[in-house]
Amino acid sequence: MSTFDKNAVEESVRLKESSGGSVTIFTVGRSDAKKTVKEALAMGGDRGCLVVLAASEPDPHDSLTIAYLLARAIERAGPFDLVLCAEGSSDIYAGQVPPMLSEWLALPFLGYVRKVEIKDGVIRCEQTLEERVRVLEAELPALVSVVSEINEPRYPTLLQIMQASKKPIEEVRSELLTDGRAPPRLVTTVRMTAHAMNRKRVIFEGSPEAASRKLVEALRSEGVLKR
Amino acid sequence: MNSVAREVATAARELADSLSGEQHFIVTQRSRVSDGAGKVVLVDGGAEVGEYPDLIAEALARAAKKKRPSAILVGATRTGRIIAARLAAKLNLGCLSDVYRLRVQGSSIVGDRDVFAGKAVAEVKADLPCVATVKVGTYPVTSEGSTGLEVEEVGSLHGDVRLVETLEKRGATTDLRSASVIVSAGRGFRKKEDLRLAEDLARAIGGALGCSRPLSSDYGWLPEELHIGLTGVTVRPSLYFALGISGQLQHVAGIKESKVIAAVNTDRDAPIFQVADYGIVGDLYQVVPAILEILKG
């Protein structure tokens with residue numbers, strides 16, 4: 001599980017601990033994603049739902065595909081008060097799934113949240129944007145994406161890890177959610193290339209003074225040190 | 001916001017030229033009309049719309065159904081990402097995210113995007129029409145002014161999120177993005193007061209101060225707008241000076257476009273040395289004063 005996802009799971013478990021209810025973990029992937037769901041169950045989730053992609057389906061890099069499948073799976077699972085998501089994935093970090101999901105589930109969306117409070121069916125959040133922090137409110141049910149500063153995810157104990165393996169995980173084949181059709185796939189990845197990072201990687205040795213002198217000389221000859 | 005919008009305008013102009021089409025600069029607030037570039041379209045959904053990304057997305061969706069644009073570009077800020085994603089879901093269009101070097105290929109738009117915290121570049125493609133968020137800091141800012149106004153009424157809009165209050169206004173991140181020299185502090189600093197060393201070095205070499213995520217998000221020693229990395233600001237100075245920064249992938253994602261990277265760290269195996277041009281394995285508490293002394297002399 002990515003560190004961003006752990007923050008979302010942690011917050012959901014904290015809300016359960018303070019306000020009651022139960023936590024269902026949803027993810028889209030292959031059957032090996034079951035171990036990710038188990039990690040989340042060990043942290044305190046109650047049950048899991050894994051949307052299993054058909055073998056013929058390529059890996060979905062398209063956020064729209066993932067959001068579509070999650071929306072169908074969440075609807076299918078019945079009524080709920082709150083959907084919590086990470087702000088983005090750690091590999092792609094597009095951050096598109098949560099707002100897309102909110103659109104399809106017709107839920108109020110509170111994105112990039114660093115603090116959540118729930119009282120009398122109303123959710124109040126602190127949203128952290130690049131240049132300001134805002135307090136937002138919405139009626140439940142709602143959808144929230146959390147930023148990593150919201151909490152410090154717990155490490156499950158060995159006992160919790162063992163107990164997690166007894167918690168139910170439902171596997172739903174993606175075709176069942178799309179009436180046998182392929183999910184929408186509007187963005188494709190043409191190719192991926194390693195980013196060339198050609199750095200000089202020179203290490204200056206010696207006393208702090210000697211090494212600093214060499215560093216300053218090197219930076220001056222690069223023309224990046226004007227003084 | 002404006003420099004971001006003006007970058008997006010440049011990206012849109014390039015695409016419009018290769019599609020032999022027109023580029024429109026869309027604003028959703030009447031007060032922003034004069035900020036536009038080229039032909040400005042005011043998508044008018046009322047005064048409150050500007051505060052709410054969901055309402056902006058709805059206003060744009062309604063306007064798009066009438067005007068049928070080939071592509072809708074939005075700056076890849078947090079608000080921009082929300083707008084673009086909701087818009088794409090409403091219109092059922094593909095959404096390229098955080099792309100740069102956008103180009104038209106047949107009936108598709110292709111763009112580059114950094115993935116795996118900048119370790120790889122993916123070439124991504126969506127059929128026209130599509131939505132895209134443009135990575136901040138990747139296009140020149142257009143200097144074109146507003147040259148005409150068209151108003152598109154989209155009717156009244158109602159949202160389901162209330163803005164209660166705005167808590168903190170931060171400084172603009174623009175300063176760091178446009179800085180040619182940056183001195184950046186990491187966890188190698190033992191306490192907040194010691195950041196004076198980084199400030200002194202920044203002053204001595206005419207640089208701006210930045211930091212890695214722990215210093216702003218976990219310790220709260222520096223404001224969030226100085227956080228450089230994947231979830232913070234992406235910078236491209238000619239000199240990036242990393243002090244006591246280990247060089248986690250997420251941080252490197254925000255600095256890899258720097259021309260020269262210099263690093264000071266006590267740990268010889270710190271990943272920052274893999275991405276630095278020049279490094280000193282040593283204690284920043286000794287090295288920085290030594291550098292300051294040399295610069296004085």
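**A loop residue and its surroundings**

A: Start with B:Thr28, which sits in the loop between strand 1 (24-27) and strand 2 (38-44) of chain B. Helices (H or I, at least four residues) and strands (E, at least two) are DSSP runs, numbered from the N terminus. This is a predicted model: local features need pLDDT of at least 70 and side-chain atom pairs count only at pLDDT 80 or more, while totals for chains, interfaces and linings use all residues. Residues are numbered from 1 along each chain as its sequence is written, chains are lettered from A and ligands numbered from 1 in the order in which they are written, and side-chain values use heavy atoms, without hydrogens or water.

B:Thr28 is buried, at 12% relative accessible area. Buried means under 20%, exposed over 50%, and partly exposed in between (1.4 Å probe, protein chains only). What does B:Thr28 touch, leaving aside its neighbours within four places in sequence? The contacts are B:Leu42, B:Val43, B:Gly46, B:Val49, B:Ile56 and B:Leu60. Contact means heavy atoms within 4.5 Å.

Now look at strand 1 of chain B. B:Phe25 and B:Val27 are on its covered face, while B:His24 and B:Ile26 are on the uncovered one. In a regular strand, side chains alternate between the two faces of the sheet. Strand 1 pairs with strand 2 of chain B in the parallel sense, over 4 bridges. Two strands count as paired if DSSP finds at least two bridges between them. B:His24 stands opposite B:Lys39 of strand 2 in chain B.

Move on to the nonpolar interior. A nonpolar core is a set of buried Ala, Val, Leu, Ile, Met, Phe, Trp, Tyr and Cys residues joined through side-chain atoms within 4.5 Å. The largest one has 58 residues, and A:Leu219, B:Phe189, B:Leu201, B:Leu239 and B:Phe241 have the most contacts inside it. Helix 8 of chain B gives the largest share, 8 residues. A:Leu219 touches, among others, A:Val224, B:Leu239 and B:Phe241, not counting residues up to four places away in sequence. A second, separate core has 56 residues, among them A:Val28, A:Val83, A:Leu105 and B:Ala64.

Next come the charged pairs. A salt bridge is a side-chain nitrogen of Lys or Arg within 4 Å of a carboxyl oxygen of Asp or Glu. One joins A:Glu139 and B:Arg162 (3.7 Å, N to O). That pair crosses between chains, from strand 6 (residues 132-139) of chain A to strand 9 (residues 161-169) of chain B. A:Glu139 is partly exposed, at 44% relative accessible area. B:Arg162 is partly exposed too, at 36%.

Another salt bridge links B:Glu150 and B:Lys67 (2.3 Å, N to O). B:Glu150 lies in strand 8 (residues 146-153) of chain B and B:Lys67 in helix 2 (residues 53-67) of chain B, so the pair ties together parts 83 residues apart in sequence. B:Arg203 and B:Asp200 form a salt bridge, with their closest N and O atoms 3.3 Å apart. Both lie in helix 5 of chain B, 3 residues apart, about one turn of the helix. B:Arg203 is exposed at 56%, whereas B:Asp200 is partly exposed at 27%. There is also a network of salt bridges linking A:Glu103, B:Glu58, B:Arg62, B:Arg86 and B:Lys90.

Finish with the backbone. Most residues other than glycine have a negative phi, and most peptide bonds are trans. A:Ala106 has a positive phi, near 50°. A:Ala106 is in the loop between helix 4 (97-104) and strand 4 (109-119) of chain A, and is exposed at 64%. A:Tyr112 also has a positive phi, about 55°. A:Tyr112 belongs to strand 4 of chain A and is buried at 2%. Where are the cis peptide bonds? One joins A:Leu140 and A:Pro141, with omega about 0°. Another joins B:Leu128 and B:Pro129, with omega about -5°. B:Pro129 lies in the loop between strand 6 (120-127) and strand 7 (130-134) of chain B.
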